[in-house]
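This report walks through one protein model, from its overall fold to single residues. Please keep the sequence and the coordinates at hand.

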Amino acid sequence: MSADPARVAAARQLLIHLGVTIADLQAEPGPSLPTLAEYLPHVVAAAGPGARRTYGTYWNRMAAAWGDRALDAIAASDIEAMQQQIAATARSRRHSRSGRHAGEHVIAAARAIYNRAIAGGLIDAVASPAHRVVKPRRWPPNG
């Protein structure tokens, strides 16, 4: 039993329109990436005590905000938005930098997650959204 030539032609046109090839349809889907909530315990276990102390709060906030999202579903703009929000709500202290250092820590905490994912072969370095976010430059110390 052969397929109707008109239907085959219509299917080919649809595939062309969608930008899908026959090879795409025949390829096995790759393994899906873990969610942030699934992967974060591995990051915390691999981190030293200083990193856990510095980034733990930020990792918890990231898990609350993006825990159900796969690592490749978090965008650089998500990290930038969290950086801005945390910098804007940081506590003001005597030598405060208007939340600038808290914003830096958000980016560093996200980079620690993606550095572990890169080292573990889960993603390529170019796919890391945390490495596409520019860290703000440090200001000179208060005198």
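## Basis

This is a predicted model, in which local features need pLDDT of at least 70, side-chain atom pairs count only at pLDDT 80 or more, and totals for chains, interfaces and linings use all residues. Residues are numbered from 1 along each chain as its sequence is written, and side-chain values use heavy atoms, leaving out hydrogens and water.

## Fold

The protein chain has six helices and zero strands. Its pattern along the sequence is α-α-α-α-α-α. Both kinds of element are DSSP runs, numbered from the N terminus: helices are H or I with at least four residues, strands are E with at least two.

Of the 143 residues, 30% are buried. Buried means under 20% relative accessible area, exposed means over 50%, and partly exposed lies in between (1.4 Å probe, protein chains only). Take the contacts with a separation of 6 or more: residues 24 or more positions apart account for 67% of them. Contact here means heavy atoms within 4.5 Å.

## Nonpolar core

The largest nonpolar core holds 29 residues. Such a core is a set of buried Ala, Val, Leu, Ile, Met, Phe, Trp, Tyr and Cys residues joined through side-chain atoms within 4.5 Å. Trp 59, Met 62, Leu 71 and Ile 113 have the most contacts inside this core. Helix 3 (36-46), helix 4, helix 5 (76-88) and helix 6 each give two or more residues to this core. Helix 6 gives the most, with nine.

Beyond four places in sequence, Trp 59 is in contact with Leu 40, Val 43, Val 44, Ala 47, Ala 51, Arg 52, Ala 109, Ala 112 and Ile 113.

## Second largest pocket

This pocket has a volume of about 190 Å³. On a 1 Å grid over the protein atoms alone, a pocket is an open set of points where a 1.4 Å probe fits, with protein on both sides within 12 Å along at least five of seven lines; lining residues have an atom within 4 Å of a point. Points are joined across faces, edges and corners, and the volume is the space filled by probe spheres set on them.

The lining has 11 residues, with Thr 57, Tyr 58, Arg 61, Ile 86 and Ala 102 nearest the centre. Helix 4 (49-66) and helix 6 (100-119) are the elements that give two or more residues to it. Helix 4 gives the most, five residues. By type, the lining divides into four nonpolar, four polar and three charged. Ala, Val, Leu, Ile, Met, Phe, Trp, Tyr, Cys and Pro count as nonpolar, Asp, Glu, Lys and Arg as charged, the others, Gly among them, as polar.

## Salt bridge

Which residue pairs with Asp 78 in a salt bridge? The partner of Asp 78 is Arg 69, with the closest N and O atoms 2.5 Å apart. The structure holds one salt bridge, defined as a side-chain nitrogen of Lys or Arg within 4 Å of a carboxyl oxygen of Asp or Glu. Arg 69 is partly exposed, at 25% relative accessibility.

Gln 83 sits in helix 5. Gln 83 counts as buried because its relative accessible area is 9%. Beyond four places in sequence, Gln 83 contacts Gly 103, Val 106, Ile 107, Val 133 and Pro 136.

Ile 118 belongs to helix 6 and is partly exposed at 26%. Its C-alpha atom is 8.1 Å from that of Ser 128, 10 residues apart along the chain. Val 44 lies in helix 3 and is partly exposed at 31%. Beyond four places in sequence, Val 44 touches Arg 52 and Trp 59.
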